[in-house]
Amino acid sequence: MGKLGATTSTVDISKEKLMDDVKTVVADAEELLKATANQTGERITAARAKIGESLQAAKVRMADAQVAVMEKTRAVATATDDYVHVNPWQAIGVAAAVGILLGALISRR
């Protein structure tokens with residue numbers, strides 16, 4: 001599980017970073033739309049409409065992705081809880097081993 005766990009953790013961090021970046025882009029685009037609200041012209045109006053539609057679609061996709069991540073997190077938490085209830089001594093052993101390993105790593109510094 002060591003390598004798989006590290007890879008999963010890295011992917012989760014990358015997903016979180018991506019979501020943060022997308023939220024920043026959406027916020028910046030909304031700010032741009034507000035800043036150009038008093039601008040007139042056919043091209044600007046069309047561009048604002050297109051950006052508005054794209055932003056709305058991005059918000060919906062982000063909300064869907066967030067729901068999917070939350071559901072996956074709940075499923076993993078439930079599976080972990082079930083495992084710990086079925087195998088309490090193994091879970092205690094793993095937790096103790098991780099604690100000893102972390103203690104050893106921290107004491108080296």
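Trainee: Which helix has the highest mean pLDDT, and which the lowest?

Mentor: The protein as a whole has a mean pLDDT of 80, and 87% of its residues reach 70 or more. Where pLDDT is low, the predicted coordinates should not be read in detail. Among the elements, the highest mean, 91, belongs to helix α3 (residues 88-108), and the lowest, 69, to helix α1 (residues 2-35).

Trainee: Which elements give two or more residues to the largest nonpolar core?

Mentor: The largest nonpolar core has six residues: Val26, Ala29, Leu33, Leu55, Ala58 and Met62. One of these, Leu33, is in contact with Leu55, and also with Arg48, Ile51 and Gly52, when neighbours within four places in sequence are left aside. The elements that give two or more residues to the core are α1 and α2 (42-86).

Trainee: What percentage of the residues in the protein is buried?

Mentor: A residue counts as buried when its relative accessible area is under 20%. The protein exposes about 9100 Å², of which carbon and sulfur atoms supply 65%. Of the 109 residues in the protein, the buried share is 6%.

Key
Residues numbered from 1 in each chain as written. Predicted model: local features only at pLDDT ≥ 70, side-chain atom pairs only at ≥ 80, totals over all residues. Heavy atoms only, no water. pLDDT = per-residue confidence, 0-100. Helix = DSSP H or I, 4+ residues; strand = E, 2+ residues; numbered from the N terminus. Core = buried A, V, L, I, M, F, W, Y, C linked by side-chain atoms within 4.5 Å. Buried < 20%, exposed > 50% of the residue type's maximum accessible area, 1.4 Å probe, protein only. Contact = heavy atoms within 4.5 Å. Areas by Shrake-Rupley, 256 points an atom, 1.4 Å probe, with all protein chains shown as cover.
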